[in-house]
Amino acid sequence: PRRTTLTLDLDTSVLTVYGRQERAAVGYNPKKRGRRSYLAWLCADADTGEVWHASYHPGNTHAATISAAQLPRVFAKIPPAVRDVRVRADAAFYNGAIIEFLEGRGARYAIVAQLTQRLKAKVAGLRYTRVSPGVWAADFRYHPTGWSAPRRFIAIRRRVKEEPSYQLTLWRMGNYAYQVIVTNLPLRPLNLWRFYNGRAGAELVIREMKEGYALGNIPSGVWSANVAYFHLVVFAYNLLHWFQRLCVPPQWSRLTLPTLRQRLLLIPAELVRPHGRAILRMPHSYPHQEIFQESLRRIARFNVR
């Protein structure tokens, strides 16, 4: 059946360089401060994990600047049957122009707010309601400086016993950690917070691309060659996901590339021709022969339109 809803997760990844590569630049690099880098901009399909759109930039490029050019390309790919588009993003995408673009396209969004001093003062003075054990929420309207109009914001307050990670919050006051989300989704605060937390899948996509597909490798000092390598990595990642979704049994659809390579692709076999007929013989000890055969049958039935 055709999909009518689509959830897109936006994220960026810093790719540190260790030489004098073209157009590498010093930008935000929390793990290697002061190091030159490139920046990968990614938009992932939350339901399938596939990369919907990707682009490559010098390390000093801001996510909001990139998004102004990339988001129209993302929305141009959305099939007409999709009526409900939802976008999740971290604080790097907290920008009035991005918000207005999404609203202009009829998209729903949940984007983490950058906690300015003015917003912090607002959040500190709110009245919170307990929405879950250890979680309190406040629902309020706020007009950020430079934005065209007020928007709906949700503040989540959690009691913490240890130092929270950067992913959890951008601000801590007393024994509470705060996270603020701007949204136009008609969800209750707790449900909105849970919906946003599903964006962790985008971070898993980037981690898998770095660990399984060598996304972090910078193969050349030439900018155009590095851009080509980046897009080949994205294509290879998507190609394997299509293979898993369409050609292997469901129980293997979530395997990582190293596991799939070990179980299905890199197995010993012998091609023999008894009576002139080519036969692929696998070891009797190979434990996944049934899945291998089922994958071949699925490939044979697959029809590319």
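This is a predicted model: local features need pLDDT of at least 70, side-chain atom pairs count only at pLDDT 80 or more; totals for chains, interfaces and linings use all residues.
Modeller: Rings of Phe, Tyr and Trp (for Trp, its six-membered ring) pair if their centres lie within 6.5 Å; planes under 30 degrees apart count as stacked, over 60 as edge-to-face and the rest as tilted.

Biologist: How many aromatic pairs does that rule give?
Modeller: The count comes to 15 aromatic pairs. Take phenylalanine 75 and phenylalanine 101: their ring centres are 5.4 Å apart and their planes sit at 85°, so this pair is edge-to-face.

Biologist: And where in the chain are those two?
Modeller: Phenylalanine 75 is in helix α1 (residues 63-76) and phenylalanine 101 is in helix α2 (residues 96-104), so to speak 26 residues apart, and the pair links distant parts of the chain. Helices here are DSSP runs of H or I with at least four residues, strands are runs of E with at least two, and both are numbered from the N terminus.

Biologist: Is phenylalanine 75 buried or exposed?
Modeller: Phenylalanine 75 is buried, with a relative accessible area of 10%. Buried means under 20%, exposed over 50%, and partly exposed in between, with a 1.4 Å probe and protein chains only.

Biologist: Which rings form a cluster?
Modeller: Ring pairs link Tyr94, Phe140, Tyr142, Trp147 and Phe153 into one.

Biologist: OK, the whole protein now: how many helices and strands?
Modeller: Eight helices and 13 strands. Of the 305 residues, 45% count as buried, and the C-alpha trace spans about 85 × 45 × 45 Å along its principal axes.

Biologist: What about valine 160, buried or exposed?
Modeller: Valine 160 is buried, at 12% relative accessible area. You'll find valine 160 in the loop between β9 (151-159) and β10 (171-173). Its C-alpha atom is 24 Å from that of alanine 92, which is 68 residues away along the chain.

Biologist: Last one: how do contacts split by sequence distance?
Modeller: Among contacts (heavy atoms within 4.5 Å) between residues at least 6 apart in sequence, 56% join residues at least 24 apart.

Terms used: Residues are numbered from 1 along each chain as its sequence is written. Side-chain values use heavy atoms; hydrogens and water are left out.
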